[in-house]
Amino acid sequence: MSGISFPAEEDRVLQSWNEINAFHRQLELTSDLPPYVFYDGPPFATGTPHYGHLLASTIKDIIPRYWSMRGRHVERRFGWDTHGVPIEQIIDKQLQEELGVRGKAAVEKIGIAEYNRRCREVVLTYAHEWRRVIGRVGRWIDFDRDYKTMDPSFMETCWWVFAQLHKKGLVYHGARVLPYSTALNTPLSKSEAQEEYRDVQDPAVTVRFPLLALEEQPEATRATVQKLLDAAEGKSVNFVAWTTTPWTLPSNVALCAHPDYEYLAVLDNESGNVYVMLEAGLKVLYKDPKKAKDKFKTLPLKLRGSELAGMRYTPLFTYFEEQFRDVGFKIILDTYVKQDEGVGIVHQSPAFGEDDYTINWREGIINADRPPPNPLNAGGEYTSEVPDFEGQHVKAADKNIIKHLKNSGRLVRESTLFHRYPFCPRSKTPLIQRAVPSWFIKVEQSVPDLLKNLEKTHWVPEMVKTGRFHNWLGSAKDWNVSRNRYWGTPLPLWVSEDMQEVVCVSSVAELKRLSGHAGETKDLHRDTIDDITIPSRQGKGTLRRVEEVFDCWFESGSMPYASSHYPFSYPDYDASNPESGLSRTEGPGKALFEKFPGDFIAEGLDQTRGWFYTLSVLGTHLFNTFPYWNCVVNGIVLAEDGKKMSKSLKNFPDPMLVIDRYGADALRLYLIDSPVVRGEPLRFSEQGVKQIVSGVLLPLWNSYNFFSQQALLWRKNTGHGFVYDKELEKSNTNVMDRWILAATQSLLQYVNAEMEAYRLYTVVPRLLKMVDDVTNWYIRFNRNRLKGQASSTPAATAKASTNGTNGDSNGVADEEANDTLHALNTLYEVLYTLVRALAPFIPFLSDNIFQRLAQHMPPQPAQNGGSKGLGSDLRSVHFQHFPTVRQELFDPVVERRVNRMQKVIELGRLCRDRRTISLKTPLKTFVVLHQSQEYLDDVRTLQGYVTDELNIRDLVLTTDESAYGVEYNIQPDIPSLGKKYKKDAMKIRKALPALSKEAVQNFLSTGKVTVEGHELDAEDLRVVKEIQPSKETENWEITTEGEVMVILDSFAYPELAQEGLAREVLNRVQRLRKRAGLVPTDDVRLVYSVLGSAAAAAATGNAEEGHNGGGGQVEKEAAANAEAARLEQERVVEDMFAKQAGAFGKAASHGVERAGRGVKAGEGAAVVAEEETEVKDVRLLLKLLKV
């Protein structure tokens, strides 16, 4: 299967999972194990899954898979957010096309029952597509037992949750200024309003408010007013205010100044009016006041804002003059007025500004009996209270209001402003601030409890907990939980007409009892329950349900309880007891708290103001705990250009096409091995997914494939199949085997620790390094052992004697077979462990390889009664235990030695790369310099691997740096120096090259040095080892990393190739002697033949066929070239034997001959061993003749 298609293989595995019902089989195998609770946040099904969903799904799959394999029972139920604006928008669009109306008008036309029927129809439009995509990405989750927020059982629990808050006095009704969507006709929560900001251009106007005549001013202000009038010398005195919301001006009832700021009286030369304003505001009227001094004059009068308080002015419009004449249209004071924005006086429209509302309530301008002017309908259009602009939407009315102000002479300046403005995240229309009667849940008073509960939870990354979420909770405001919509869970509040009697219903049974309603209640939506009334117990007639529905975030925040119909479907629920469900130790709460709080939740960074927040608030209010212990927060997946992914822009590839090209494993691993798991943004790149295939999945598959081929070779050579033996590793002495086994244990120890801490971003790189260690180090260095050619490895060569060994041929063969078995067993152990460790991350390929490896497992006795328990079913890797650490295989010394060997080899490869010298070219000397003798000794124990891999003759390991002219140079850490020493940093930097050798050495030993009067340490400086270039060092390639420096002599000495070839051939001769059972005193002659390559043989065969057939000119030329190449190789080998004859003096004591010369077999000599082998691309036939 060299040409493996990962997507096709994944489809096969997916089919296998479906056939055996794998997910439910895993649940069955773990049913008796302790529970691990995962809560899945509900998405909307009104669109198809995007990369953000796939990322979240991958995280939500990896962690439950891991804990399942760790011996926990992990139920996973999918959830759907089925209420709210996204669904209503679909219906509104339909009704706009059908009837020409939408929203409230459409509902009034078709009725709420029909409206909700349509909503119900479209709720799960894309549910099948979600099921297909989520399944294809490898996520195991139960779609058949899903929960939906529109289910009556879910809605009833929402009622119960709200009723508990109401009993605790945490619910109240009030008018507050809230973000309001005129497109949706409803207020939003503050968290929703902060989801989307856009850069917009708005009108900015400065308007004048003429000061009333002296006799119309309050007595307390008249002295100050007189000063103003005197300074103006008969000119009209005006207060000026600046605003970017001209549409709020018809509702103006006051002006606000800062009590401590100093206000000027400014004469505008063009209009002749005197304006009262801040000096800082002159730039609003005159852009550059210094250049516009001919346009205005500052009068010799300055007044503090506190002196302006109470002064009255002429209203801009007369719409609300009668209502507010006695209490409004005056200067009030507050410190919220900014000096660097506008002109220092802020116009007040209390219905459309939160600060305005608070200040005007405090000043008594508005109150419960005198609400603020709010002349808008639900759609944001002016009502008949403002006849000049009736029917106009507020944003559209801006230009007409400005025109009106211009005509009335009240407009002072008009301009435009570019600024960031909040938009409705659902309708994508501008939001306004508006006072709306709403139902609130108290949150502000619970902030200390929220922060205390936050400290008990674990977040990844930690910075989200300590930063963003902590700050959000710390500044939490009371939660507007009501929405003026139709398709949602109705608020369970029945009220009297005067709102003085309020009944909060907690269940369907309670509603029936209170109302006397005898009919069956299968649904709890508005069309079903709005007509149900409750008789007043206070003599107030009939209580009717309020019109509002829940904010859908209340529903998702209730998910830990509502998804299982708590407390109604729990044991020991007592409907007659109002407290049933509130105790942790009795009734339904006893069963709930066996699995509550949940162990794990995960969503995107945006949910800090959404689901994470509402979960935390409701959990704290109900049980004084967050309903989760661990929270993983992912960043946002952006398009490759850094912009938000957009279907209209087509700036990202379709997720299913990416999976079809590269497979789900590749996509999963790409997403998880990225900054997005640390809460940072990811620019999605299809090329990155492709690189996962070539860099990780293919090498892992090839590692298994190599094992499989060697297992077949083992069967061919031994007559029986390979069977894994766990105990065999205890007798293994091979250093590379011991290393890879020890490294595997270290990996497992690390993975378990990091997974328990939910740090996926540290686990994946370590797993990928292990794949690299297996493929590019272990298999590469042990390929011959695994093939049964043990004596050709560096380790074996080091053990072998130069003139053969004692022992019979069977003993040698047994030794080689035993070594091969150890190598195969080791590779199997590592692969078997690795695929189980990788199973949560790449579930398809790990299962694919596991099912193939399972064939080599010894027969297992049935566990736990034959069908129960992890490990008892070998049909999937996901039915197994996560691999446990084998303490007996730990070997930190061997791990340290091999790690150091790897580092030296990597530096050697780097040296070759820099000189563009192939590894096939033998080089003479490689020097490793390090001041630790232990480091050098570690490398020395494995020097055969170093010399063999780097193709060098001499490896020099030394601490003597002076012998190679090593010098130390101190260089500055520029950021650190600049931060600490500022202006002196440059002087220090210039002084460093002049430091004496003694000063440098002193810094090396003490870590401190004084430069330009400043004592510097290791944070400020770094030491660099250097060798000065010279004629002598021109062939040296030098590389330094940390404490180790390597020097490679890159000169190509011609004789090295011969020496290398001689060593390889001698190695094969020694192996032949060993197999023949020869002793050192046995004399033999070596006879060799140089054979053509396999390709050459094929070319020759084709040429002969072409000759017989009368054609084949190309084949003839190929055969001729191949023979010429063979003759050249024969010349090279013959030259090598001639010049390196001394190397073969003992192994072939009677000399070396090319076949066809000298003594022939049978003439006083017998062939005792022969082998066809390949040495450095040369095919040889070697024969030993005993003389």
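**Strand 7 and its neighbours**

Okay, let's start with strand 7: it pairs with strand 12 (residues 345-348) in the antiparallel sense, over 4 bridges. By pairing I mean that DSSP finds at least two bridges between the strands, and strands here are DSSP runs of E, at least two residues, numbered from the N terminus.

Quick caveats: this is a predicted model, so local features need pLDDT of at least 70 and side-chain atom pairs count only at pLDDT 80 or more, while totals for chains, interfaces and linings use all residues. Residues are numbered from 1 along each chain as its sequence is written, and side-chain values use heavy atoms, with hydrogens and water left out.

Back to strand 7. On another side of the pairing story, strand 11 (residues 331-333) joins strand 7 in the parallel sense, with 3 bridges. Take A257: its bridge partner in strand 12 is I345, and in strand 11 A257 stands opposite L333. So which way do the side chains of strand 7 (residues 254-257) point? A254 and C256 go one way, L255 and A257 the other, and all are buried, meaning under 20% relative accessible area with a 1.4 Å probe, protein chains only.

Next, an open sheet: 4 strands, order 4-3-14-16, antiparallel pairing. Strand 4 (186-187) and strand 16 (479-480) sit at the edges with a single partner strand each, so one side of each has no neighbour in the sheet. Strand 3 (residues 171-181) and strand 14 (residues 431-441) share 11 bridges, and A175 has P437 as its bridge partner in strand 14.

Finally, confidence: pLDDT, the predictor's confidence in each residue from 0 to 100, averages 89 for the protein, and 95% of the residues score at least 70.

Note on methods. Buried < 20%, exposed > 50% of the residue type's maximum accessible area, 1.4 Å probe, protein only.
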